[in-house]
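Work through the exercises below with the sequence and the model open. Each task is followed by its solution in steps.

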Amino acid sequence: MFHHPNRLLAAMLAVSAGLAGGTATFADTPSFDQDIRPILAERCLHCHGGESPKNGLRLTTREGLLRGGKTGSAIEPGSLRDSLLWTFIATDKMPADGNKLSADQKGVLRRWILAGAPATAAEAARIDAAAPLKRSQISTEPGGVEQIAALIDRRIGERLKTAGVTASPRADDAEFLRRIYLDLAGRIPSYEETTAFLAADHPQKRRQLIDERLASPEFGRHQAILWHKLLIPKSAGAYPRIPHERFREWLADSFNSGRAWSEIVTDLLTAEGYLPSDKDNELTRKSDSKRQPQNVATAFLNAHNTEGRPQPKGIIASVSRLFLAQSIECAQCHNHPQAKWEQTDFWAAAAFFERVRYDKATYGDTSIGRLIEPATGGDLIYDEPAKGRYAFVPGVYPTVAINLEDANGQRTKQMIAARFLGSELAELDPEESPRRAFAAWATSRENPYFARAQVNRVWSQLFGRGFVEPVDDMSEDNRPSHPELLDELSAQFAAGNFDLKRLLAGICHSQTYQQASAPSAGDAPDRASAALFARQSLKQLTEDQLLASLSAAVPTFAKMLEKDAREKNPGLVRAAFLEVHETDDSLPTEHTRGLQQALRMMNGDGKLFNREALAGRVSAEATVDENIRRVYLQALCRNPSSQELARMRAFIATAADEIQRLDPRQLPQRKNDQPDNTPDPYADLLWVLINSGEFIFNH
Amino acid sequence: MTNSDFSRRAGLRAIAAAAIGGSLTGWLARFAARVSAAESTKRPKSCILLWMDGGPSQTHTFAVPDKDPDYKTIPTAVSGIHISEHLPKLAACLGDMALLRTMSTGLNNHAPGQYLMHTGYRASVAINYPSLGAIVAKECGQLGTGLPSYVNLGSSSVPKSFQRAGALGADFAPMMLSGSSITDIRPPIAAREAARLELLQEVQTAEIDRFQAEQLRSHAASYRKAIDLMHATQTRAFDYKSEPREIQQLYGSGGFGVQCLQARRLVEAGVSFVEVNWGGWDHHGGAAEPVQKRSPELDQGFSALITDLKQCGLLDSTLIVWMGEFGRGPLAGIGGGNNGKKGAGHYAKCWTTVLAGAGLKGGQVVGKTTPDGVEVADRPISAGDFFATICRALDIDPTATYDAAGRPVPYAATGSKPIAELF
């Protein structure tokens with residue numbers, strides 16, 4: 001095969017052009033009358049129809065589904081999780097005769113429930129009409145921060161209006177301030193930062209704060225913590241030893257310097273070189289000087305090392321999940337029951353990483369080799385044509401050999417050649433590195449998945465849920481809550497050269513982001529309005545946010561960590577804290593901590609809540625109300641309400657009275673350099689506020 | 001505990017109840033459901049997992065081949081069944097035990113095996129599968145004991161990925177007990193504790209009202225449980241030293257025996273699932289010598305647990321599971337990792353677990369291996385079948401599903417079946 005310099009590019013464009021329509025628009029929304037009734041009639045009504053349907057569940061009408069049977073409603077429009085019917089069908093518990101519904105039938109049912117279970121074709125058509133935009137209608141001119149914000153507010157507002165749901169009022173300054181700090185800096189603001197912002201009085205102060213936080217190095221560090229957890233999961237093997245701290249620094253620098261998301265991802269996918277040591281001392285400097293060139297960005301591929309090399313199957317599973325929001329790893333072993341990916345798709349994409357290996361055998365070795373990608377794949381390139389559907393060109397395409405199951409259950413070895421997800425066979429330049437070709441395809445502006453995946457993830461970072469949930473599974477039948485907005489933001493993100501700061505600034509600047517999280521009075525929030533973004537959600541602080549926020553709010557806690565950092569074996573206290581309070585990242589809006597974390601928060605971290613924890617702000621000269629106010633600002637970054645003031649006044653009075661009556665001999669004797677452990681009612685108050693849900697959640 | 005303590009606790013509970021008043025969704029509904037379950041006369045079932053971390057050798061414990069050069073076998077209380085000569089007390093209990101000699105689970109590396117045998121599933125990046133302990137806590141957990149439903153003994157202070165509640169949520173997370181006492185159970189500053197806790201619960205009530213958020217209810221509920229535990233008289237259950245001397249002697253003074261005794265005390269006090277951890281079974285240097293050394297402690301602790309539970313009338317409602325993440329190569333040169341000697345390599349193709357109690361038909365061997373123990377000759381038992389069996393023994397529907405990020409997941413993998421011979 002000869003090659004043409006523009007061939008790769010041409011193939012890429014062809015691929016993405018072919019796909020763009022396919023992902024931006026969706027199959028028509030099914031309706032009960034046209035699509036669901038025939039399925040039910042064929043498969044379900046012999047038990048759930050007639051005079052006495054099983055379990056009292058009659059599936060002849062849409063109303064019958066909503067009314068349900070003995071165990072409650074069969075469907076909850078818009079929610080698979082709350083639709084019993086779906087649970088039974090998806091797990092093949094129903095139909096009870098063992099003849100399961102086909103993947104297509106399941107797909108129709110799933111899309112129907114997700115779309116809100118429309119009754120008639122006309123209703124379904126209205127949903128479709130309101131939904132996705134044509135690509136051509138989307139502006140691809142990069143807009144400014146105001147434009148992005150306006151786009152968001154318009155689209156979110158339209159949907160709220162249609163649904164008849166009222167948006168929450170604008171968050172007050174204090175709530176906004178705390179939220180911005182947690183979302184962009186990974187911690188709550190300090191007492192000083194809080195009082196300064198609340199006192200400032202000019203119309204642009206919110207916009208200024210957003211810009212200021214995005215320009216602060218804390219921004220990159222916070223993003224680095226989030227991405228480090230995703231890129232190097234805990235389940236990664238212990239070998240090679242990933243230099244976590246250095247990798248985080250590299251990520252932080254990349255985010256802080258405003259590098260395009262496409263560039264960062266390209267680096268992760270194409271990095272070559274030695275992994276640096278995780279500690280910086282004389283010994284490691286000496287060994288690192290021999291291991292050149294070094295590239296800490298190899299950490300991502302190195303984290304997929306098993307059996308002596310970074311494994312293509314693990315790499316492609318992560319890459320597609322994290323950067324393209326396609327969950328294809330199930331297809332590793334079998335064709336996916338619900339999504340479109342087949343086993344061959346998985347292995348064809350994995351083949352791009354087939355040549356990634358170390359320059360020497362390093363299994364069980366202590367010094368990992370240099371990560372390289374030789375021009376040919378060595379022993380895995382076969383020079384006979386592959387069996388099966390895919391053409392195979394010797395020496396040009398990287399291939400993987402895999403046992404595939406055919407329709408008769410027979411397993412045969414097949415050679416699968418590299419192919420981009422959802423495309424025909426990739427035309428590769430034989431001179432080109434396959435993973436570079438993959439990175440170029442994956443991070444191009446025309447890629448149908450890349451921008452959407454990241455926009456959805458960033459949105460979920462800021463709102464606690466994405467337009468599509470789960471964020472790593474944007475399959476065709478997993479419909480976005482706001483398809484048009486997702487399309488528009490993705491186009492904006494791509495047109496603006498994948499500038500994360502700009503995207504974040506735009507979202508943070510929107511009224512949608514700046515809504516209060518408490519519902520408007522008398523408006524009972526429900527699941528449906530959460531998906532409409534009618535108020536800001538409550539997001540559980542991650543373990544890192546919790547640690548940083550405690551450091552900001554409780555000086556004795558910060559001091560404990562400083563001491564820990566100076567120990568001979570530094571960081572143990574910190575690591576233990578992070579481990580105990582670890583959260584499940586896939587459930588940002590749920591409370592996942594239990595009894596043990598509550599015990600640790602209340603009783604665990606030593607005598608932190610003493611007079612020293614008040615940082616000298618509480619004084620005998622100030623009024624009780626003023627002192628209470630200062631503790632509120634310190635812990636919760638807001639002023640107390642008048643009811644709160646009254647209640648806390650009573651608490652302080654009683655506690656002070658109790659302390660007065662203590663036998664002085666029972667009081668701790670203070671030594672020179674010891675913390676001031678004198679009991680203090682305000683320290684008790686601080687303890688109470690720190691243990692409140694308001695502290696532990698971002699709201 | 002004094003009377004005033006009790007009245008204060010009652011007060012705290014009243015406040016907590018007021019906090020949730022009016023809502024019949026969320027945890028109150030679960031509370032109500034479980035209270036009504038607790039009112040039924042039958043004692044809910046419990047489970048004690050004796051986890052032998054590292055993978056104990058079946059051919060040096062419960063599946064010693066005939067004419068084995070290393071170990072002799074001894075007859076047991078059940079004619080025709082023989083086990084290792086170093087387990088005489090267990091041999092006497094065999095009428096209550098079922099030996100599952102054809103476990104065939106496929107994963108012979110530690111981490112994947114530990115995950116599989118704790119959750120019934122292979123680890124996945126997409127789903128956080130709950131540990132068996134969390135499943136049992138959810139399905140069999142009792143309210144009003146003041147104790148957590150799922151306790152893990154002797155592991156670390158932080159649950160590993162396969163010991164967690166995963167998709168079932170924090171309500172069913174394990175209480176980790178690494179030493180012999182509970183940590184963080186006492187406030188560092190005892191003074192004014194009641195006033196502080198009272199204020200805290202008031203603040204939590206007010207914020208639930210203000211934000212109308214399920215998360216805050218769950219947060220307050222965790223605190224309520226923690227505060228209950230801080231004041232529960234039942235925490236005495238953790239103090240095995242208050243057990244009569246002869247009972248302590250029955251279990252022995254080794255770490256494993258003491259944990260078995262603690263497990264019995266916890267189950268008696270209403271804990272639904274206790275995991276006992278005994279590490280160091282990864283005998284790559286060959287299993288014969290080290291297992292012989294460990295056998296007396298295993299023999300005494302395990303047999304004491306069966307005997308004692310029986311005496312207390314608890315064996316019929318308590319399932320004991322003895323297992324590791326896999327077994328070991330029955331011959332030299334077989335199995336994963338360093339496998340130079342007999343019993344050295346990791347082996348998941350054909351290995352043994354033991355079940356006892358919970359009304360299962362004991363006194364039997366399930367499955368048949370080839371004489372050398374290398375292959376399953378009849379009736380392979382998958383991890384899914386094993387989980388389905390455990391579920392059924394505990395009156396849990398193995399096909400019941402929970403929600404994991406929108407995907408319904410059954411407790412035991414789809415298609416698995418309980419081992420019929422045991423019921």
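**Exercise 1.** State how many aromatic pairs the structure holds over all chains, then classify the pair A:Phe32 and A:Trp112.

Solution. The structure, a predicted model, holds 32 aromatic pairs over all chains. Rings of Phe, Tyr and Trp (its six-membered ring) pair if their centres lie within 6.5 Å; planes under 30 degrees apart are stacked, over 60 edge-to-face, and the rest tilted. For A:Phe32 and A:Trp112, the centres are 5.8 Å apart and the planes make 45 degrees, which is tilted.

**Exercise 2.** Classify the pair A:Phe450 and A:Phe498, and decide whether each residue is buried or exposed.

Solution. The ring centres of A:Phe450 and A:Phe498 are 5.1 Å apart and the planes are at 75 degrees, so the pair is edge-to-face. A:Phe450 has 0% relative accessibility and therefore counts as buried. A:Phe498, at 2% relative accessibility, also counts as buried.

**Exercise 3.** Name the residues that ring pairs link into a cluster with A:Trp441.

Solution. The cluster joins A:Trp441 to A:Phe352, A:Phe353, A:Phe420, A:Phe438 and A:Tyr449.

Terms used. Residues are numbered from 1 along each chain as its sequence is written. Chains are lettered from A and ligands numbered from 1 in the order in which they are written. This is a predicted model: local features need pLDDT of at least 70, side-chain atom pairs count only at pLDDT 80 or more; totals for chains, interfaces and linings use all residues. Side-chain values use heavy atoms; hydrogens and water are left out. Buried means under 20% relative accessible area, exposed over 50%, partly exposed in between (1.4 Å probe, protein chains only).
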